[in-house]
Amino acid sequence: MRLRNITGSREVIADSDYVVQESILEQCPGTWSEIFGNDNPIHIEIGMGKGKFIHAMAKEHPDINYVGIEKYSSVLLRAIQKMEEEELPNLKFIRMDAEDIAKVFGKGEVDKIYLNFSDPWPKDRHAKRRLPSRQFLARYDVILKKGSRLEFKTDNRELFDFAVEELEPAGWKAEVITYDLHSDEKLMEGNVMTEYEEKFSSIGNPICKYIIYR
Ligand code: SAM
């Protein structure tokens with residue numbers, strides 16, 4: 001998701017209390033309970049876009065701390081605007097490339113990772129940029145508590161097949177794999193739709209989802 005460069009988005013981000021600022025990110029590993037002021041579990045969404053999913057999750061689950069990560073300032077700005085409309089104490093944002101995620105969270109500090117409708121990077125030579133690639137799984141392996149879950153949803157069947165094939169070489173196991181989430185009553189319990197999920201399911205695209213662990 002790329003929005004037009006919105007004038008002033010960097011300034012709004014730099015001034016926002018909802019954002020953990022880039023200048024202090026390297027001091028964050030091991031300190032997330034201090035940042036939130038409590039010991040609640042930490043769930044993160046990588047590539048949150050405009051933040052619809054993570055904002056709804058944070059509202060529904062006040063006993064969980066959420067961190068939304070987004071690469072582009074112009075997109076993050078929309079998530080900040082949503083927080084200005086409805087402030088939530090258990091939600092923070094980071095503007096960063098998730099490549100550096102293991103520099104921002106400590107070993108095993110994260111209790112759940114969500115990847116929703118990640119960019120497909122269709123060229124083979126860009127496979128390592130895909131958020132469910134083995135290179136990214138190795139980064140998640142550091143920060144995600146042992147036995148905890150990573151959930152991934154997409155309507156892109158090629159990306160999903162790639163993601164499933166990456167599991168074994170990366171040392172992860174699937175607890176759930178579905179190629180049609182919205183037809184599965186049990187998996188749909190508590191499902192919060194992302195912006196892309198609403199858009200693509202409304203035109204009839206089946207939604208794939210896995211839940212993985214190691
Ligand atoms: N998760 C949202 C949803 O399901 O509606 C947005 C999906 S959008 C297709 C993917 C988002 O991931 C974009 O906003 C993009 O900027 C962000 N993104 C892609 N690669 C990223 C990376 N390496 N680090 C952080 N964000 C990334």
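How many salt bridges does the count come to? In this predicted model, the count comes to 14 salt bridges. One of them pairs Arg134 with Glu166. Their closest N and O atoms are 2.7 Å apart, under the 4 Å cut-off for a salt bridge. Arg134 belongs to helix α5 (residues 134-143), whereas Glu166 belongs to helix α6 (residues 157-170). The pair therefore ties together parts that are 32 residues apart in sequence.

The ligand was examined next. The largest pocket holds the ligand. The shell around the ligand contains 19 residues. Nine of the shell residues are nonpolar, six are charged and four are polar. Those that come nearest to the ligand are Gly47, Glu70, Ala98, Thr194 and Tyr196.

For Asn116, a backbone N or O atom lies 3.0 Å from a ligand nitrogen atom. Ligand oxygen atoms feature in two further pairs. A polar backbone atom of Glu195 is 3.3 Å from an oxygen atom of the ligand. For Tyr196, a backbone N or O atom lies 3.0 Å from a ligand oxygen atom. On its own, the ligand has 600 Å² of accessible area, and the protein covers 97% of it.

Notes. Residues are numbered from 1 along each chain as its sequence is written. This is a predicted model: local features need pLDDT of at least 70, side-chain atom pairs count only at pLDDT 80 or more; totals for chains, interfaces and linings use all residues. Side-chain values use heavy atoms; hydrogens and water are left out. A residue is near a molecule or strand if one of its heavy atoms lies within 4 Å of it. A polar contact is a pair of N or O atoms within 3.5 Å; within protein, one must be able to donate a hydrogen and the other to accept it, and residues adjacent in sequence count only if both atoms are side-chain atoms. Accessible areas come from the Shrake-Rupley method with a 1.4 Å probe; for residues, only the protein chains shown count as cover. On a 1 Å grid over the protein atoms alone, a cavity is a set of points where a 1.4 Å probe fits but cannot get out, and a pocket is an open set with protein on both sides within 12 Å along at least five of seven lines; lining residues have an atom within 4 Å of a point. A molecule sits in a cavity or pocket if more than half of its atoms lie within 2 Å of its grid points. Ala, Val, Leu, Ile, Met, Phe, Trp, Tyr, Cys and Pro count as nonpolar, Asp, Glu, Lys and Arg as charged, and the others, Gly among them, as polar. A salt bridge is a side-chain nitrogen of Lys or Arg within 4 Å of a carboxyl oxygen of Asp or Glu. Helices (H or I, at least four residues) and strands (E, at least two) are DSSP runs, numbered from the N terminus.
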